Amino acid sequence: MTQFLKASEIGTDGAMTLPGRFYTYPEIFLWERERIFFQQWLCAGRQEQIPAPGDFFLRNIGTESVIVVRDKDGAVRAFHNVCRHRGARICEEAKGQFAGNIRCPYHAWTYALDGRLLGASSMKGLPGFDVSDYPLHPVAVRVWEGFIFFSLAAEPEPFETTHGALIGKFTRYGLPALRAARRIDYDIRANWKLMFENYSECYHCSPIHPALVKLSPSDSGENDLTQGPFLGGYMTVVPGYDSLSVSGKSCGIPVSEDLPDEDRDRVYYYSIFPNMLLSLHPDYVMVHTFWPQSHDRTLIECDWLFHPDAAVYPGFNPDDGVQFWDQVNREDWHVCELSQLGVSSRAYTPGPYSPRESLSAAFDKEYLRVLNPEDGDDFVV
Ligand code: FES
Ligand SMILES: [Fe+2]
């Protein structure tokens, strides 16, 4: 039986907010890349983005670029976007379709969709050269609930181990079948952690989200994942409203026929360390993925997913939900940008988390655990 707790019942252990350097030092941001974003499983997107063999999209993080592609047998694969000849970045397009193979623009080495080097002209005369020695460097990839994850770690811990707490948790939402109806990209002048910390509490909801608290009281939250890499729980939609939308009505049809009654007036919110927020509504699912660019700039992609047949439903109105959250998102990003400005000041010192911010404190704790400052990293600890 899942146990749900109010944020204030979880406790903060007297936690204070992080010191300013975690939001403002470029050096710490580079460490985060190495120790978090180049190690952990990251949500890259959805399977539905690459339905046919040869379909691909790129994900760039710092120095790294990853090609996520559907191979000719229908499997999702990921490769470093680095040619095995002289290292050129092979693909520049953000997304598209490879015509049967992947060809480097520099000297035309050609790779199969499964990464094998097929042809390298003029290399035949080189003693000992064998195309089988030069496949594209693979990147570990897993599909969970229709979401594509990859890890840049040389030997990543199995996804089934790291994400075991989530496997099977959302089956009733039918996530693999859902279809994205909208995407909005946000470019935020704030450190990525501020948006995680903000998402993890609704203490701020009454002051900054009037439309949200009208439909879903800020103290209605109860959480079942309260420590570690995944944090969150649900909030209720007040009687008389169907979902979170501008009109308060459903955008169309429930995401799944299997959604039990108790979930039809709840919105579940989970943060999935380190780059995903999953917000499950009765009639749509909102997904944020984070792409930190620097210590004070983060790109966030936000997708709204609906039942695969929602579009043929006569009253389908995805914008009702999209516009609602676009407004709430912008309200959140604005206070995160204000936070970035404030924590960058010489006057900033860590402040006490309230009992209602226990999940924000839990996020910080997990972040520090994963960043794993070592002896000698004294400007971090
Ligand atoms: S660098 Fe790619 S073919 Fe030469
Ligand atoms: Fe918010």
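Is Glu 160 buried, partly exposed or exposed, and what is its relative accessibility? Select Glu 160 in this predicted model, and you will find a residue that counts as partly exposed, at 43% relative accessibility.

Since Arg 142 belongs to strand 9 (residues 138-144) and Glu 160 to helix 4 (residues 159-162), the pair ties together parts that are 18 residues apart in sequence. Arg 142 is partly exposed as well, with a relative accessible area of 32%.

Next, select Asp 187 and Arg 297, which form a salt bridge whose closest N and O atoms are 2.8 Å apart. Here Asp 187 lies in strand 11 (residues 179-188) and Arg 297 in strand 17 (residues 297-306), so the pair ties together parts 110 residues apart in sequence.

Now move to helix 8 (residues 318-343), where Arg 330 and Asp 326 lie 4 residues apart, about one turn of the helix. Their side chains meet in a salt bridge (2.9 Å, N to O); Asp 326 is buried, with a relative accessible area of 17%, whereas Arg 330 counts as partly exposed at 45%.

For a network of salt bridges, select Arg 59, Arg 183, Glu 301 and Asp 303, which are linked in this way.

Finally, show helix 5 (residues 192-199) together with helix 9 (residues 358-371), whose axes come within 8 Å and cross at roughly 140°. The two helices are therefore oblique to each other, and their crossing is right-handed. Among the residues making the contact are Trp 192 and Phe 196 of helix 5 and Phe 363 and Tyr 367 of helix 9.

Note on methods. Residues are numbered from 1 along each chain as its sequence is written. Chains are lettered from A and ligands numbered from 1 in the order in which they are written. This is a predicted model: local features need pLDDT of at least 70, side-chain atom pairs count only at pLDDT 80 or more; totals for chains, interfaces and linings use all residues. Side-chain values use heavy atoms; hydrogens and water are left out. Axes are lines fitted to C-alpha atoms, for helices over the stretch in contact, and angles run from 0 to 180 degrees between N-to-C directions. Angles under 35 degrees count as roughly parallel, over 145 as roughly antiparallel, 65 to 115 as roughly perpendicular and the rest as oblique. A crossing is left-handed if the near helix is turned anticlockwise from the far one by less than a right angle, and right-handed if clockwise. Contact means heavy atoms within 4.5 Å. Buried means under 20% relative accessible area, exposed over 50%, partly exposed in between (1.4 Å probe, protein chains only). A salt bridge is a side-chain nitrogen of Lys or Arg within 4 Å of a carboxyl oxygen of Asp or Glu.
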